[in-house]
Amino acid sequence: MATERRAVLSVLAAAALLLWPALWNGYPIVFADTGTYLSQALHLYAGWDRPVFYSLFMLPLHGAVTTWPVVAIQALLTAWVLRLVCRVLLPGFPERAYIAGVAGLSLCTWLPWIVCELMPDVFTPLLVLVLCLLALAPERVSGREQVVLVLLAAFMIASQQSSLPLSCGLLVVLALVRHFSSLSWPGLARLPLCPRHGAACPGHLCQPVPRQVARTGRARTNGGNALLRPPSARRWHLLVLPPALAVLALCVVNLGAHGRFAISPFGNVFVLARVIYDGPGMAMLQRACPVAGWHLCPFLDRFPARSDDFMWSPDSPLNLAGGAKAVSRDADAIIAGAVASDPAGVARAALSNMLEQLCRFDSGDGLGAWPDQVTPWIQRDFPQAEQAVYAAALQQRGLLSVPPVLAKLHRVTALGGVAACGLLVPGAIRRRAACAGFLIAALIALPLSAAITGELSTPHDRYQSRIMWLPPFIAAVSLASLRRPG
């Protein structure tokens, strides 16, 4: 009981440490998309460009009264996932060390800023950790925790369009790691279940496993406490369930909202914008229009310089052509024609976008005021007291920015974490350590995320910065794990 109480208090303390940017700002941080996320559930509509699940997550928390509970719950979820990773890789890890580690993350990385933002961005890096737990260490978490992790992962995947391809790519890598580790490291799944820590622990922290139990693999109990779990049947369902549940939820909601049983009924518009502004798509339009009769053909001379303006400006060709839903009907044909006519150009552009996105992770992107995108919804749906607090925040007054010294520290920490992960992987594999898969996942997630976001949008710092805290965190926990004897 005392151990559980200390664990709860440590998670609460860690969550409090992650909330300092919102407290400093005087209000949770907002972004251009925040207005849509606040309004979808309140006004019972589904936007063409964003899933509704984060809106549904926010609604019971803010209740059209105040948004502070949203970031508080995001901080608690983040702190809990971080502690679960520490418990799995470092059984018996002191709570004081865990809190100190979270304090380091809150100062040296971009993590607390995305925790304090009314956006689902924090769920992208947390999804990587949750999938690692489900794929690499299901034997080290309880059955109840497995259920929570599966549901949490499904929600995270369904909250953002980029999360589904990210999760599928990661799960392929993690499944391979799990498969080869089970072949090479047959003892990994047979660690004893510690009655004290509630998770598998190295032998020097717990009671030794009786010889007959170790030989048979059957669990023996001592006063109701299992000393060893039955060997895992690989539990592949834990890898399949999150994306499957997310896909089902997305398709059902889109069927009801848009009449299409599809994961992303109009998601091809994002790809279309990228193909057009990479060059091959525009060349295809110029060759085929006006004979093709596509909605964009009458507006070829009105394309803005940036793809962001094409997507979101009120007077963009996309809106003049009837909106995203109308243009979506032509998007597949334009994309297919561009790929068929210039496959090398499309491939070069995709690689260029990925590399640019991979190198762009400066802190501070998106911290400006959003008077047209967010303020009207706050004024419409929230009480005057909340409106006053919102208006008085640093961000709404144009005064919120990351101090230059912190921005530089974030970058140095991120690069140091990537280098540390790369250096630790060979030793972790050689020692057959459980942290090896986490290190590999942290490194794979970076280019995978850059490739996905680079193709779905113009490269922006915010897309890559949201996951750049993962390598330093996993490297620090892995280094502590590898330093332990045994």
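Predicted model: local features only at pLDDT ≥ 70, side-chain atom pairs only at ≥ 80, totals over all residues.
Two packed helices are described by the angle between their axes and the distance between the axes. The crossing in which α9 passes α12 is right-handed. On the α9 side the contact involves Gln 146, Val 150, Leu 151, Ala 153, Ala 154, Ile 157 and Ala 158, and these meet Leu 238, Leu 241, Pro 242, Pro 243, Leu 245, Ala 246 and Leu 250 of α12. Sorted by residue class, this contact holds 13 nonpolar residues and one polar residue, with no charged residue.

Helix α9 also packs against α4, and here the axes come within 7 Å and cross at roughly 120°. From α4 the residues Phe 53, Tyr 54 and Phe 57 take part, meeting Phe 155, Ala 158 and Ser 159 of α9. Five of the residues in the contact of α4 with α9 are nonpolar and one is polar, while none is charged. Ala 158 therefore belongs to the contact of α9 with α12 as well as to that of α9 with α4, as contact means heavy atoms within 4.5 Å. The loop that runs between α3 (34-43) and α4 (53-62) contains Leu 44, a residue with a positive phi of about 55° although it is not a glycine.

Elsewhere in the chain, α14 packs on helix α17, residues 324-341, at an angle of about 105° and with the axes 8 Å apart. That angle makes α14 roughly perpendicular to α17. The contact is formed by Pro 280, Gly 281, Met 284, Leu 285 and Arg 287 of α14 together with Ile 334, Gly 337, Ala 338 and Ser 341 of α17. Its residues divide into five nonpolar, three polar and one charged. In the loop between α14 (280-288) and α15 (307-312) lies Pro 290, which is joined to Cys 289 by a cis peptide bond with omega about 0°.

Rolling a probe the size of a water molecule over the atoms shows where empty space is left. A search of the whole structure finds five cavities of 30 Å³ or more, and the largest cavity has a volume of about 100 Å³. Of the 14 residues that line the largest cavity, Trp 110, Ser 363, His 410, Ala 414 and Met 468 are the closest to its centre. Helix α21, residues 404-430, gives the most to this lining, contributing four residues. By class, the lining of the largest cavity comprises eight nonpolar, four polar and two charged residues.

Notes
Residues numbered from 1 in each chain as written. Heavy atoms only, no water. 1 Å grid on protein atoms, 1.4 Å probe; cavity = no way out; pocket = protein on both sides within 12 Å on 5 of 7 lines; lining within 4 Å. Points joined across faces, edges and corners; volume = space filled by probe spheres on them. Helix = DSSP H or I, 4+ residues; strand = E, 2+ residues; numbered from the N terminus. Nonpolar A, V, L, I, M, F, W, Y, C, P; charged D, E, K, R; others polar. Left-handed = near helix turned anticlockwise from the far one by under 90°. Axes fitted to C-alpha atoms, helices over the stretch in contact; angles between N-to-C directions. Parallel < 35°, antiparallel > 145°, perpendicular 65-115°, else oblique.
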